[in-house]
Amino acid sequence: MYSALADPTRRQMLDVLRGGEQPAMALVRQFPQLSRPAVLKHLGVLREAGLVTQRPQGRERLYRLNPAGLREVDDWLAHYRLFWTTALARLEAHLEETHDY
């Protein structure tokens, strides 16, 4: 999953899919710098990583963000959020001690 997220284009695709389900061809149009096969390959990587789901609708494939797929990343980042929260609280306390507001 982390290798799927390492690519900036795939992260952009996830950002687009945050807005809702999209047909594959709509995603192809949103990434004009990429060929159709390249977009479909990126979508396949995201699907295999569990970050998006795909469903057929007629001849089209619709892609949707799978938030559950990001849960592992969120759990991993939670440890670092605690670090930053603690560090920022110490900084705030230091600033309050050294400066009058």
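Modeller: Before we start, a residue is buried under 20% relative accessible area, exposed over 50% and partly exposed in between, using a 1.4 Å probe and protein chains only. This is a predicted model, where local features need pLDDT of at least 70 and side-chain atom pairs count only at pLDDT 80 or more, while totals for chains, interfaces and linings use all residues. Residues are numbered from 1 along each chain as its sequence is written, and side-chain values use heavy atoms, with hydrogens and water left out.

Colleague: Is Tyr-80 buried, partly exposed or exposed?

Modeller: Tyr-80 sits in helix 5; helices here are DSSP runs of H or I with at least four residues, strands are E runs of at least two, and both are numbered from the N terminus. Its relative accessibility is 42%. That falls between the 20% and 50% limits, so Tyr-80 counts as partly exposed.

Colleague: Which helix gives the largest share of the nonpolar patch?

Modeller: The patch covers about 920 Å² and includes Tyr-2, Trp-76 and Tyr-80. The largest share, 8 residues, comes from helix 5.

Colleague: How many bridges join strand 2 to strand 3?

Modeller: Two strands pair if DSSP finds at least two bridges between them. Strand 2 (residues 52–57) and strand 3 (residues 60–65) run antiparallel, and they form a hairpin with 2 residues between them. The number of bridges joining them is 6.

Colleague: And which residue in strand 3 is the bridge partner of Gln-22?

Modeller: Strand 1 (residues 22–23) pairs with strand 3 in the antiparallel sense over 2 bridges. Gln-54 stands opposite Tyr-63 in strand 3. The bridge partner of Gln-22 is also Tyr-63.

Colleague: How many residues are in the largest nonpolar core?

Modeller: Such a core joins buried Ala, Val, Leu, Ile, Met, Phe, Trp, Tyr and Cys residues through side-chain atoms within 4.5 Å. Leu-27 and Tyr-63 are among those with the most contacts inside it, and the total is 17 residues. Helix 1, helix 2, helix 3, helix 4 and strand 3 each supply at least two of the 17.

Colleague: How far apart are the C-alpha atoms of Gly-69 and Met-1?

Modeller: Gly-69 is in the loop between strand 3 and helix 5, and is buried at 11%. Leaving out residues up to four places away in sequence, it touches Met-1, Gly-50 and Leu-51, contact being heavy atoms within 4.5 Å. Gly-69 and Met-1 are 68 residues apart along the chain, yet their C-alpha atoms are separated by 8.4 Å.

Terms used. Patch = residues over 30% accessible without salt bridge, like charges linked within 9 Å, V, L, I, M, F, W, Y side chains within 5 Å. Areas by Shrake-Rupley, 256 points an atom, 1.4 Å probe, with all protein chains shown as cover. Salt bridge = Lys/Arg side-chain N within 4 Å of Asp/Glu carboxyl O.
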